[in-house]
Amino acid sequence: MLDSFLHQAGMFFHAFSAQLYLNNILVLAGATFMGIIVGAIPGLTATMALALLINLSYGMQFDLAISFLLGVYVGAIMGGCYSAIMVNIPGTPAAAATAIDGFILAKRGEGGLAIGAGVISSFFGMLISIACLIFFTPFVYKIALKFGQWEYFLLAVFGVMICGNLSTGKDPVKGWVVGFLGFFTAMIGLDKVYAYPRFTFGLLQLKGGISLIPALIGVFGISEILIVLEQEVPYKILGKITKVIPSWKTIRSLIPTAIRSGIIGVGIGAVPGAGEDVGAWVAYDVGKRSSKQGEKFGTGCLEGVAAAETANNAVIGGAMIPLLTLAVPGSPPAAMFLAAIWLHGVQPGPMLPIEHPGFLYEVAISLLIATCFMLIWGLIIAKPIASLLKLRREILMPLILPLTVIGAYAGGVRIFDIKVTFFFGILGYILRKLEYPMAPLVLGIILGPLADISFRQALMQSRGSLIPLLGRPVGIVLLTAIVLIAYSGFRRTIEYTRKHAQINAEMIQEGK
Amino acid sequence: MEKMDKMAAADLMMGLFLIVFGGAAIRASLNMKVYKTFLDAPGFFPFILGIIFIFLGSIMTSSSWRRKGYEQIKSGLRKFKFTHLFQNIQVRRVMTLIVFMVIYIFILIDRIHFTIATALYLFFTLYYLKSANLIKIIIISITTSFLISTFFTRFFHIPLP
């Protein structure tokens, strides 16, 4: 036990010294800054920030590319709080809960303080999540090493089911539909076992399958451009940003909220596909119920801002745990990060500590340095960012399309990938208009090949019998979880149907 | 007061689509080559997915039917006119933006230089959206496309389409 701890500590300090070189620090400083800027602009999500800026990482050395993407990720999640507080439009969905109290504070002339509290809470959230990442990941690696084909198959199904359940407010069936559509998308191309072409319709380009990054860029980038531009929503900044750094007394009063929300954020981050927005809402809700000042939530309370902001940043570290140990991303931006590190030749999973022993600690150190830069930039640029928020979206959004085109093309240097991006952009737009969540679709595309291969191999090993599954404790836990998720989801669907059948019937009778 | 659930009609159509799609997936998967056994065949997992789509599609269809999706479609069709669709500003805006994207991605890129294609796309899109006055739009289109091309090729050595 002590040997293992000393070994881990040694790896950590080795990674720390290895990551502290000028180029890396400069890349992290720049990436965090860019992430904050992109995240602050309403309509540009953290996933989109990664989708757009992934272009810049193609030409970088591997370790610099990883640092760059992590810096963007950390900065973009925090950056969302500026527009949530100052204009009541969350820069990222993760900051939607921040807007509830933040905007009221801004209208009262305390927008600066709200931003300060948001930045400092995000800092706390990141510290908690990095500590959890370092502490828990080695344990999850040990569990993951025991995974066989059944466990991998059930994990993939569990990921899609839980993500579908959490990402749809009313009807989980919609989340599951897009999740399994993601599985189906992953079936396109040559079968991994026999190289048999599936659903290629004779098209040579489809034999290689649907590339992940073009699909992700389409789903999150192009659909977002259309959603934002379909209507002109003018907004204006109500208050001026005055004092940004809160007093020590205020910061101290936020610490219990930050710790509670940080732990919630990490826990939710570790759930496949749940994401930063779910983390922020749950932490806000728990904060409202458990805080002594709970009744002040929603009336312009710094604790409300702190609860949401701590949790959404804490999700980052949590989302890295399943990503590094099982190659299952905990959130949509983490899915983008996973796609990027695949592109750079790293295969996350239980073999990662053997193939790249220091990778976990390099990720943790990069996150830590990015977190420090996030705090510094976040407080320094709070005032100038107000002028950035005045930038018209009618100018900004069209400029994004060429960047998505480059992002889709540069990975595989294929014009076909640009067309894939466009197709998924339109598909994403239609599905979002019909109230389907995008996170399960992405998770389905990522986990589809794993589900396919492991299910077929598991069945072949057991000669079609499901009985060997009964002797596998992790498999039974996953199967039980899937059954419970399906049960609770179908119950929600039935309740939703019952409630709306009555309302719709009354409305139709009244001729509305 | 509760609002009417306007998604019932769309959900009904999606439910029916999923049933048909699931059936097509099953048919296609059964036509795929079987090497040793069907459990190991390339068509096995798509076959399972086809069954799942039919199951989820049936649930969506029955749920939306009970939420009066059929009545919503009927009343929608009674009031529906193609001219109304194109008078809707939101629909017109999205359709126009999609047309510009199609021209940019499917016609201009790979036929003319990326910088020129981007400048043309930006000019027409910004002009349609009335993002700024004409002079500003020309300046933004040309400088942005030039900067993007230079930035990615010179500084990051990234190939452009």
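Student: In which helix of chain A is the place of Asp101(A)?

Tutor: Asp101(A) belongs to helix 5 of chain A, which covers residues 96–107. Please keep in mind throughout that this is a predicted model.

Student: Is Asp101(A) buried or exposed?

Tutor: One counts the C-beta atoms around a residue, and 20 or more within 10 Å make it buried. Asp101(A) has 28 other C-beta atoms within 10 Å, so it is buried.

Student: Which residues does Asp101(A) touch, leaving aside those up to four places away in sequence?

Tutor: Its partners are Phe297(A), Gly298(A), Gly300(A), Cys301(A), Gly304(A) and Val305(A).

Student: How far apart in space are Gln8(A) and Tyr496(A)?

Tutor: From C-alpha to C-alpha the distance is 49 Å, and the two residues are 488 residues apart in sequence. Gln8(A) sits in helix 1 of chain A, residues 2–19. With 16 other C-beta atoms within 10 Å, Gln8(A) is partly exposed.

Student: Let us turn to whole chains. How many helices and strands are there in chain A?

Tutor: Chain A has 20 helices and two strands. Its radius of gyration is 23 Å, close to the 24 Å that the globule rule gives for 512 residues, and therefore chain A is as compact as a globular protein of that length. The C-alpha trace of chain A spans about 75 × 70 × 50 Å along its principal axes.

Student: What share of the residues in chain A is buried?

Tutor: Of the 512 residues in chain A, 60% are buried.

Student: How should I describe two packed helices?

Tutor: Two packed helices are described by two quantities, the angle between their axes and the distance between the axes. In this structure, helix 9 of chain A packs against helix 17 of chain A at an angle of about 170°, and their axes are 10 Å apart. Angles over 145 degrees count as roughly antiparallel, so helix 9 of chain A is roughly antiparallel to helix 17 of chain A.

Student: Which residues in helix 9 and helix 17 of chain A meet?

Tutor: Helix 9 of chain A contributes residues including Ile213(A), Pro214(A), Ile217(A) and Gly221(A), and these face a set in helix 17 of chain A that includes Arg393(A), Met397(A), Ile400(A) and Leu401(A). By class, this contact has eleven nonpolar, four polar and one charged residues.

Student: How many residues does each chain give to the contact between chain A and chain B?

Tutor: Chain A gives 56 residues and chain B gives 58 residues. Several elements of chain A supply two or more residues to the side that touches chain B, among them helix 3 (46–57), helix 8 (172–187) and helix 9 (212–229). Helix 17 of chain A gives the most to that side, with eleven residues. The residues on the side of chain A that touches chain B comprise 38 nonpolar, eight polar and ten charged.

Student: What elements are there in chain B?

Tutor: Chain B contains seven helices and zero strands. The radius of gyration of chain B is 24 Å, well over the 15 Å that the globule rule gives for 161 residues, so chain B is more spread out than a compact globule. Its C-alpha atoms fill a box of roughly 55 × 55 × 30 Å along the principal axes. Of the 161 residues of chain B, 35% count as buried.

Student: Into which domains is chain B divided?

Tutor: There are domain 1 (8–79) and domain 2 (86–155). Taken over C-alpha atoms, the centres of these two domains of chain B are separated by 38 Å.

Student: Finally, which phi value does Lys68(B) have?

Tutor: Phi of Lys68(B) is near 65°, a positive value in a residue other than glycine. Lys68(B) is placed in the loop between helix 2 (44–66) and helix 3 (69–79) of chain B. It counts as buried, with 26 C-beta neighbours inside 10 Å. Arg463(A) likewise has a positive phi, near 50°. Arg463(A) is found in the loop between helix 19 and helix 20 of chain A, and with 9 other C-beta atoms within 10 Å it is exposed.

Definitions and conventions: Residues are numbered from 1 along each chain as its sequence is written. Chains are lettered from A and ligands numbered from 1 in the order in which they are written. This is a predicted model: local features need pLDDT of at least 70, side-chain atom pairs count only at pLDDT 80 or more; totals for chains, interfaces and linings use all residues. Helices (H or I, at least four residues) and strands (E, at least two) are DSSP runs, numbered from the N terminus. The radius of gyration is taken over C-alpha atoms; the globule rule is 2.2 Å times the number of residues to the power 0.38. A residue is buried if 20 or more other C-beta atoms lie within 10 Å of its own, exposed if 12 or fewer, and partly exposed in between; C-beta atoms are placed from the backbone. Two residues are in contact if their C-beta atoms, placed from the backbone, lie within 7 Å. Ala, Val, Leu, Ile, Met, Phe, Trp, Tyr, Cys and Pro count as nonpolar, Asp, Glu, Lys and Arg as charged, and the others, Gly among them, as polar. Domain bounds come from an automatic or database domain assignment. Axes are lines fitted to C-alpha atoms, for helices over the stretch in contact, and angles run from 0 to 180 degrees between N-to-C directions. Angles under 35 degrees count as roughly parallel, over 145 as roughly antiparallel, 65 to 115 as roughly perpendicular and the rest as oblique.
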